[in-house]
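Colleague: I am new to reading structures, and I would like to go through one with you step by step. Could you show me the model and let me ask about it?

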Amino acid sequence: MKLTKKLAATLLASAGLASALVPLAASSASAASQYGCSYPRVCVYGGTFASGTIIGWFQDNGYQNMPRSIQNDPDAVVNTRNDDSVWLIDTGANPDRYICIPAKTAANLGSYDHPEGGTWANKVDTINIFGDPDNGLCSGSNRVQQGTVPANWP
(Lines give C-alpha, C1' and ligand atoms only; values in the text may rest on other atoms or scores of the structure.)
Protein backbone atom coordinates (compact mmCIF):
# COMPACT_ATOMS: atom_id res chain seq x y z
CA MET A 1 0.00 0.00 0.00
CA LYS A 2 2.81 2.45 0.86
CA LEU A 3 4.55 1.74 -2.46
CA THR A 4 1.35 2.48 -4.35
CA LYS A 5 0.87 5.77 -2.50
CA LYS A 6 4.50 6.76 -3.15
CA LEU A 7 4.17 5.83 -6.81
CA ALA A 8 0.94 7.83 -7.08
CA ALA A 9 2.54 10.82 -5.35
CA THR A 10 5.57 10.60 -7.67
CA LEU A 11 3.34 10.42 -10.74
CA LEU A 12 1.27 13.39 -9.57
CA ALA A 13 4.41 15.38 -8.82
CA SER A 14 5.81 14.48 -12.25
CA ALA A 15 2.55 15.45 -13.92
CA GLY A 16 2.58 18.75 -12.05
CA LEU A 17 6.16 19.39 -13.11
CA ALA A 18 5.32 18.50 -16.71
CA SER A 19 2.34 20.85 -16.74
CA ALA A 20 4.50 23.59 -15.25
CA LEU A 21 6.98 23.12 -18.10
CA VAL A 22 4.39 23.33 -20.88
CA PRO A 23 4.07 27.14 -20.75
CA LEU A 24 7.85 27.47 -20.91
CA ALA A 25 8.02 25.35 -24.04
CA ALA A 26 5.11 27.20 -25.63
CA SER A 27 6.61 30.61 -24.97
CA SER A 28 9.71 29.82 -27.03
CA ALA A 29 7.58 29.98 -30.19
CA SER A 30 6.89 33.64 -29.50
CA ALA A 31 10.44 34.46 -28.49
CA ALA A 32 11.03 36.21 -31.82
CA SER A 33 8.15 38.61 -31.15
CA GLN A 34 9.24 42.08 -30.11
CA TYR A 35 7.66 45.45 -29.32
CA GLY A 36 4.18 43.94 -29.63
CA CYS A 37 4.89 42.60 -33.13
CA SER A 38 4.27 38.85 -33.33
CA TYR A 39 6.54 36.49 -35.25
CA PRO A 40 6.66 36.16 -38.30
CA ARG A 41 5.28 39.63 -38.99
CA VAL A 42 6.72 42.92 -40.09
CA CYS A 43 4.95 45.72 -38.21
CA VAL A 44 4.89 49.43 -38.93
CA TYR A 45 4.26 51.94 -36.15
CA GLY A 46 2.91 55.41 -35.65
CA GLY A 47 5.59 56.74 -33.31
CA THR A 48 8.66 54.85 -32.17
CA PHE A 49 8.71 51.07 -32.07
CA ALA A 50 9.29 51.25 -28.30
CA SER A 51 6.38 53.54 -27.45
CA GLY A 52 4.26 53.92 -30.60
CA THR A 53 1.25 52.03 -31.87
CA ILE A 54 1.22 49.32 -34.51
CA ILE A 55 -0.68 50.80 -37.47
CA GLY A 56 -0.19 47.86 -39.82
CA TRP A 57 1.47 44.49 -40.16
CA PHE A 58 2.52 42.30 -43.06
CA GLN A 59 3.37 38.62 -43.24
CA ASP A 60 3.22 37.47 -46.86
CA ASN A 61 6.36 37.40 -48.98
CA GLY A 62 6.45 39.73 -51.95
CA TYR A 63 5.81 43.27 -53.04
CA GLN A 64 2.68 44.89 -51.54
CA ASN A 65 1.25 48.37 -51.48
CA MET A 66 0.37 49.43 -47.97
CA PRO A 67 -3.31 50.17 -47.40
CA ARG A 68 -4.06 53.80 -48.30
CA SER A 69 -5.05 54.49 -44.71
CA ILE A 70 -1.43 54.04 -43.56
CA GLN A 71 0.58 55.02 -46.66
CA ASN A 72 3.26 57.55 -45.72
CA ASP A 73 2.39 57.24 -42.01
CA PRO A 74 4.95 54.76 -40.62
CA ASP A 75 7.51 56.21 -38.21
CA ALA A 76 9.10 52.88 -37.25
CA VAL A 77 9.30 49.23 -38.27
CA VAL A 78 9.96 45.89 -36.57
CA ASN A 79 10.97 42.87 -38.65
CA THR A 80 10.49 39.77 -36.49
CA ARG A 81 11.28 37.36 -39.32
CA ASN A 82 14.29 35.12 -38.72
CA ASP A 83 15.77 35.04 -42.20
CA ASP A 84 13.92 37.52 -44.43
CA SER A 85 14.95 41.09 -45.10
CA VAL A 86 12.35 43.74 -45.87
CA TRP A 87 12.33 46.77 -48.12
CA LEU A 88 10.17 49.74 -47.19
CA ILE A 89 9.72 51.68 -50.43
CA ASP A 90 8.98 55.33 -51.18
CA THR A 91 7.32 55.26 -54.60
CA GLY A 92 6.77 59.03 -54.49
CA ALA A 93 10.48 59.56 -55.14
CA ASN A 94 11.97 59.29 -58.63
CA PRO A 95 13.58 56.82 -58.90
CA ASP A 96 11.84 54.81 -56.20
CA ARG A 97 13.85 54.72 -52.96
CA TYR A 98 14.01 51.90 -50.45
CA ILE A 99 15.30 51.34 -46.96
CA CYS A 100 16.21 47.72 -46.21
CA ILE A 101 15.49 46.32 -42.75
CA PRO A 102 17.42 43.11 -41.97
CA ALA A 103 15.87 40.10 -40.25
CA LYS A 104 15.19 40.45 -36.50
CA THR A 105 15.63 44.25 -36.58
CA ALA A 106 13.68 47.19 -35.19
CA ALA A 107 14.27 50.66 -36.65
CA ASN A 108 12.93 54.14 -36.02
CA LEU A 109 12.63 55.58 -39.53
CA GLY A 110 13.23 59.10 -38.24
CA SER A 111 16.81 58.05 -37.43
CA TYR A 112 17.67 57.57 -41.11
CA ASP A 113 18.16 60.41 -43.58
CA HIS A 114 16.10 60.14 -46.76
CA PRO A 115 18.14 60.82 -49.94
CA GLU A 116 15.70 63.53 -51.01
CA GLY A 117 15.74 65.37 -47.68
CA GLY A 118 14.29 64.87 -44.24
CA THR A 119 14.09 61.35 -42.82
CA TRP A 120 12.37 58.12 -43.77
CA ALA A 121 9.57 58.76 -41.25
CA ASN A 122 6.24 59.24 -43.03
CA LYS A 123 7.69 58.43 -46.47
CA VAL A 124 6.98 54.75 -47.10
CA ASP A 125 3.96 53.44 -48.99
CA THR A 126 5.02 50.00 -50.18
CA ILE A 127 6.71 46.95 -48.66
CA ASN A 128 8.60 44.00 -50.09
CA ILE A 129 9.24 41.00 -47.86
CA PHE A 130 11.88 38.78 -49.41
CA GLY A 131 11.31 35.07 -49.03
CA ASP A 132 13.60 32.12 -49.67
CA PRO A 133 16.38 32.08 -50.69
CA ASP A 134 16.87 35.37 -48.81
CA ASN A 135 19.49 35.32 -46.04
CA GLY A 136 17.93 38.14 -44.02
CA LEU A 137 20.76 40.58 -44.80
CA CYS A 138 20.73 43.92 -46.59
CA SER A 139 23.46 44.02 -49.25
CA GLY A 140 25.36 41.39 -47.26
CA SER A 141 25.06 43.31 -43.97
CA ASN A 142 22.89 43.01 -40.87
CA ARG A 143 22.61 46.82 -40.81
CA VAL A 144 19.87 49.00 -42.26
CA GLN A 145 20.80 49.99 -45.83
CA GLN A 146 19.30 52.29 -48.47
CA GLY A 147 19.12 52.17 -52.23
CA THR A 148 17.18 52.98 -55.37
CA VAL A 149 15.21 50.97 -57.91
CA PRO A 150 13.63 52.15 -61.17
CA ALA A 151 10.32 54.00 -60.81
CA ASN A 152 7.28 51.70 -60.70
CA TRP A 153 9.46 48.75 -59.70
CA PRO A 154 9.04 45.76 -59.98
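Colleague: How many residues does the largest nonpolar core have?

Modeller: This is a predicted model, and its largest nonpolar core includes Met66, Val77, Leu88, Ile101, Leu109 and Ile127 as the residues with the most contacts inside it. Strands β1 (42–46), β5, β6 (96–101) and β8 (126–129) each supply at least two residues of this core.

Colleague: Which side chain of opposite charge is nearest to Asp90?

Modeller: Asp90 belongs to strand β5, which covers residues 86–90, and it is buried without a salt bridge. A salt bridge needs the two charged groups within 4 Å, whereas the nearest side chain of opposite charge to Asp90 is 6.1 Å away. That side chain is Lys123.

Colleague: Which side chain does a polar contact of 2.9 Å join to that of Asp90?

Modeller: A polar atom of the Asp90 side chain lies 2.9 Å from the backbone nitrogen of Gly92, but your question concerns a link between two side chains. The contacts of Asp90 beyond four places in sequence include Asp96, Arg97, Trp120 and Asp125. The side chain joined to Asp90 by the polar contact of 2.9 Å is that of His114.

Technical notes. Residues are numbered from 1 along each chain as its sequence is written. This is a predicted model: local features need pLDDT of at least 70, side-chain atom pairs count only at pLDDT 80 or more; totals for chains, interfaces and linings use all residues. Side-chain values use heavy atoms; hydrogens and water are left out. Helices (H or I, at least four residues) and strands (E, at least two) are DSSP runs, numbered from the N terminus. Buried means under 20% relative accessible area, exposed over 50%, partly exposed in between (1.4 Å probe, protein chains only). Lys and Arg count as positive and Asp and Glu as negative; His and the chain ends are not counted. A polar contact is a pair of N or O atoms within 3.5 Å; within protein, one must be able to donate a hydrogen and the other to accept it, and residues adjacent in sequence count only if both atoms are side-chain atoms. Contact means heavy atoms within 4.5 Å. A nonpolar core is a set of buried Ala, Val, Leu, Ile, Met, Phe, Trp, Tyr and Cys residues joined through side-chain atoms within 4.5 Å.
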